[in-house]
Amino acid sequence: MADPTFRNYTPQQAASYAAHRWEYELDIYKEVLAYHTSHGGALGTVLDVGCGTGSATRRLAGYFARAAG
């Protein structure tokens, strides 16, 4: 039985996945940040629970002092 995580992928498989993985629209990040800051949210740390490949975590990280996914 193959390991269901990304650990068993070759570099070529990982590159192919990354090349074909769709990204979220930039408006979704603007919406998240607008909601967060309008409700008193500080921009110290963002925690992306259930981050999967971490693409959203990487995008949000630029707006926060620290990011974890």
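Guide: Lys and Arg count as positive and Asp and Glu as negative, while His and the chain ends are not counted. The place of a charge is NZ of Lys, CZ of Arg, CG of Asp or CD of Glu. The mean positions of the 6 positive and 6 negative charges of the chain are 7 Å apart.

Visitor: What kind of model is this, and how are residues numbered?

Guide: This is a predicted model, in which local features need pLDDT of at least 70, side-chain atom pairs count only at pLDDT 80 or more, and totals for chains, interfaces and linings use all residues. Residues are numbered from 1 along each chain as its sequence is written, and side-chain values use heavy atoms, with hydrogens and water left out.

Visitor: What makes a stretch of the chain a helix or a strand?

Guide: Both are DSSP runs, numbered from the N terminus: helices are H or I with at least four residues, strands are E with at least two. The chain has 3 helices and 2 strands, in the order α-α-β-α-β from the N terminus.

Visitor: How does the radius of gyration of the chain stand against that of a compact globule?

Guide: The radius is taken over C-alpha atoms, and the globule rule is 2.2 Å times the number of residues to the power 0.38. For 69 residues the rule gives a value near 11 Å, but the chain has 15 Å. The C-alpha atoms fill a box of roughly 45 × 20 × 20 Å along the principal axes.

Visitor: Why is threonine 57 called buried?

Guide: Buried means under 20% relative accessible area, exposed over 50%, and partly exposed in between, with a 1.4 Å probe and protein chains only. Threonine 57 has 10% relative accessibility, so this residue counts as buried. Threonine 57 lies in helix H3. Buried residues make up 14% of the 69 residues in the chain.

Visitor: Which residues does threonine 57 contact, leaving aside neighbours within four places in sequence?

Guide: Contact means heavy atoms within 4.5 Å. On that basis, threonine 57 is in contact with Asp48, Cys51, Ala67, Ala68 and Gly69, leaving aside neighbours within four places in sequence.

Visitor: Why does lysine 30 count as exposed?

Guide: The relative accessibility of lysine 30 is 56%, and therefore lysine 30 counts as exposed. Lysine 30 is in helix H2. Lysine 30 and leucine 60 are 30 residues apart in sequence, and their C-alpha atoms are 9.6 Å apart in space.

Visitor: Is leucine 33 buried or exposed, and why?

Guide: Leucine 33 has 11% relative accessibility, so leucine 33 counts as buried. Leucine 33 also lies in helix H2, and touches Leu60, Tyr63 and Phe64, not counting residues up to four places away in sequence.

Visitor: What makes a set of residues a nonpolar core?

Guide: The members are buried Ala, Val, Leu, Ile, Met, Phe, Trp, Tyr and Cys residues, joined through side-chain atoms within 4.5 Å. The largest such core here has 6 residues: Tyr29, Leu33, Val46, Ala56, Leu60 and Phe64. Helix H2 (26-38) and helix H3 (55-61) each supply at least two residues of this core.

Visitor: Why is tyrosine 9 called partly exposed?

Guide: Tyrosine 9 has 43% relative accessibility, so tyrosine 9 counts as partly exposed. Tyrosine 9 is found in the segment before helix H1 (11-20). The C-alpha atoms of tyrosine 9 and cysteine 51, 42 residues apart along the chain, are separated by 18 Å.
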